[in-house]
Amino acid sequence: MAALVRWFWIPEWRIAPGRSSRQHTICFPACNLVVEPGGVGFVGPTTRASYRDLTGTGWAVGALLRPAAVPAFTDDPTALRDSGQPLRLPAVHAAVSAAMAGPEDRRTRHRQAVEALTDLLCRAVPAPSPEALLANALAEIIDTDPAMLTVEDVAGSLHVSVRTLQRLARRYVGLSPSAMIRRRRLQEAADRLRAAPGGSLAEVAAEFGYTDHAHLANEFRSALGLTLSGYRAQVHRPSVEHVGACGQCARHA
């Protein structure tokens, strides 16, 4: 699974009648395989922030896929940007649903659900090719190395051409390498603003490679539709409590 899945994520929630909890996310530049009570779906990469209003009681079981797993579910992840497609996998849906409806012990429910999803991936995804593993390395270095600020930086680190990098990203991720880099920087800046709400915006911008405060502010408006001050006010406003695990496919915005 290490070459196919970055991690599994399982949120569960129970919202009081007549209330809702809006969950904002800035998704990783990656695809997800998701099982919910209504079915199984393959979700493509996103180009903007999104939100979901949770109501009632529910759950989802997802796998944040590494690039090597993507071709098993779509030939063109770029066509699924900001969207997804249902998958006809009734046996997997039944197995995961049975696990999530199982014992009260949450750890046991989650382990059984992940085992069911792992079984599907083992059967559906062939052993990764050298090219697929190179695509994994592309995503890994962009997401973990803050020194990778340009496409040329990444190409040089992987000892490939910029054109090769672009081709790998198009086939295995569905976003351009430059878009992947911008997403990481924006996620890092958003995380910092959440962790240190009273910090200097100019210092945050400089830390994550933005030319100045205005550059960071423009990125926020473009990706989130929010000003920096509006973002801070929104993420630190008390929200409706919800129950369950929150390790999801995306960093919370």
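The expected span of a helix is 1.5 Å times one less than its number of residues. The model here is predicted.

Start with the whole chain. It holds nine helices and 10 strands. Its radius of gyration is 19 Å, close to the 18 Å that the globule rule gives for 253 residues, so the chain is as compact as a globular protein of that length. Along its principal axes, the C-alpha trace spans about 50 × 50 × 30 Å.

Now look at how the chain packs. Of the 253 residues, 45% are buried. Take the contacts between residues at least 6 apart in sequence: 77% of these join residues at least 24 apart. The accessible surface comes to about 12,400 Å². Carbon and sulfur atoms account for 52% of that surface. As for charge, there are 28 positive and 23 negative side chains. The centres of the two sets lie 3 Å apart.

Next, find helix H2, residues 106-124. Here the opening rule comes into use. At 1.5 Å a residue, the 19 residues of H2 should span 27 Å, and the end C-alpha atoms are 27 Å apart, so the two values agree. Which residues of H2 are buried? They are Arg-109, His-110, Ala-113, Val-114, Ala-116, Leu-117, Thr-118, Leu-120 and Leu-121.

Move on to the loops. Thr-46 sits in the loop between strand S5 (39-43) and strand S6 (50-54). Is Thr-46 buried or exposed? Its relative accessible area is 12%, and buried means under 20%, so Thr-46 is buried. Leaving aside residues up to four places away in sequence, Thr-46 touches Cys-27, Asp-82, Leu-175 and Arg-183.

Follow one of those contacts, Asp-82. Asp-82 lies in the loop between S8 and strand S9 (84-87). Asp-82 is not a glycine, yet its phi is positive, at about 60°. With a relative accessible area of 29%, Asp-82 is partly exposed.

His-159 also belongs to a loop, the one between helix H4 (151-158) and helix H5 (162-172). Phi of His-159 is near 60°, a positive value in a residue other than glycine. How accessible is His-159? Its relative accessibility is 72%, and exposed means over 50%, so His-159 counts as exposed.

Note on methods:
Residues are numbered from 1 along each chain as its sequence is written. This is a predicted model: local features need pLDDT of at least 70, side-chain atom pairs count only at pLDDT 80 or more; totals for chains, interfaces and linings use all residues. Side-chain values use heavy atoms; hydrogens and water are left out. Helices (H or I, at least four residues) and strands (E, at least two) are DSSP runs, numbered from the N terminus. The radius of gyration is taken over C-alpha atoms; the globule rule is 2.2 Å times the number of residues to the power 0.38. Buried means under 20% relative accessible area, exposed over 50%, partly exposed in between (1.4 Å probe, protein chains only). Contact means heavy atoms within 4.5 Å. Accessible areas come from the Shrake-Rupley method with a 1.4 Å probe; for residues, only the protein chains shown count as cover. Lys and Arg count as positive and Asp and Glu as negative; His and the chain ends are not counted. The place of a charge is taken as NZ of Lys, CZ of Arg, CG of Asp or CD of Glu.
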